[in-house]
Amino acid sequence: MLYLRYKFEPYLSYAQVVHIKKNAIIYRQGEPGRGFFYLEQGGVNIVLLSDNGQERIVDYVPIGTLLGEHGVNKSPYLTSAIATSSTILYFFSDEALSKMCKNHPETSLLFTNSLIYKVRLLAEIIAFHDSPVEQQMAHYLLKLIQVHDNGNIPIDQTALARYIGTSRNTVNKIFQKWKSLHLIEFSQRGTIRITDTDKLKEIIGG
């Protein structure tokens, strides 16, 4: 995912600037798509609504990447997007995407790669849905490390518990266990550093 960051920055002239307030819904799961977005500033959670009505945070959008790619050509959005702070987005309509790809053919591949990554991410989340909590947490952290090139993951235990579908206490117990095994480290800035990715991969493998 890191190789896709900021790749659309040279083409932002094709998009419209959108200012979003904290906790505002950018798009809802299931509604007809109207285009996609580029995150310039702020924060966005991607939320998936399950068949039983449970909402789970499935992704944190890194600045400089896209969101809502599945909403092109009026296709329904597969997830919902919610701003976690005052946020600046660039909105690409279907018409803007068509014009951009015509004038800059390389953007077609960039967009497709980003879309494929998001679809694969959702497929993996669904596959891990019934796995033990520890496996789900390991899978999620290893995904997050791919989009944080400084090695530090900004993590909120409450949000992570919501993502997994468990309690914050359960998440904290597993984190403390991993810390004692020297799999992770906590920083004073509220971030986590994975110190043994191989062990986390072993956890995922069962």
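This is a predicted model: local features need pLDDT of at least 70, side-chain atom pairs count only at pLDDT 80 or more; totals for chains, interfaces and linings use all residues.
**Helices α4 and α5.** With that convention, I looked up how α4 (residues 157–164) and α5 (residues 168–180) pack, and found an angle of about 105° with the axes 8 Å apart. Angles of 65 to 115 degrees count as roughly perpendicular, and α4 and α5 are therefore roughly perpendicular to each other. I then listed the residues that meet: from α4 they are Q157, T158, L160 and A161, and from α5 they are R168, V171, N172 and F175. Sorted by class, this contact holds 4 nonpolar, 3 polar and 1 charged residues.

**The sheet.** I next traced an open sheet of 4 strands, whose order is β1-β8-β3-β6 and whose pairing is antiparallel. The edges are β1 (16–20) and β6 (66–67), each of which has a single partner strand, so one side of each is left without a neighbour in the sheet. For β1 I followed the pairing with β8 (residues 87–92), which is antiparallel and runs over 5 bridges; within it, H19 has I88 of β8 as its bridge partner.

**Helix α3.** Last, I checked α3 (residues 133–145), whose 13 residues reach 18 Å from the first C-alpha to the last, close to the 18 Å expected at 1.5 Å a residue. I find 10 of its 13 residues buried, so α3 is largely enclosed by the rest of the structure. Among the buried residues of α3 I noted Q135, M137, H139, Y140 and K143.

Terms used
Residues are numbered from 1 along each chain as its sequence is written. Side-chain values use heavy atoms; hydrogens and water are left out. Two strands pair if DSSP finds at least two bridges between them. Helices (H or I, at least four residues) and strands (E, at least two) are DSSP runs, numbered from the N terminus. The expected span of a helix is 1.5 Å times one less than its number of residues. Buried means under 20% relative accessible area, exposed over 50%, partly exposed in between (1.4 Å probe, protein chains only). Axes are lines fitted to C-alpha atoms, for helices over the stretch in contact, and angles run from 0 to 180 degrees between N-to-C directions. Angles under 35 degrees count as roughly parallel, over 145 as roughly antiparallel, 65 to 115 as roughly perpendicular and the rest as oblique. Contact means heavy atoms within 4.5 Å. Ala, Val, Leu, Ile, Met, Phe, Trp, Tyr, Cys and Pro count as nonpolar, Asp, Glu, Lys and Arg as charged, and the others, Gly among them, as polar.
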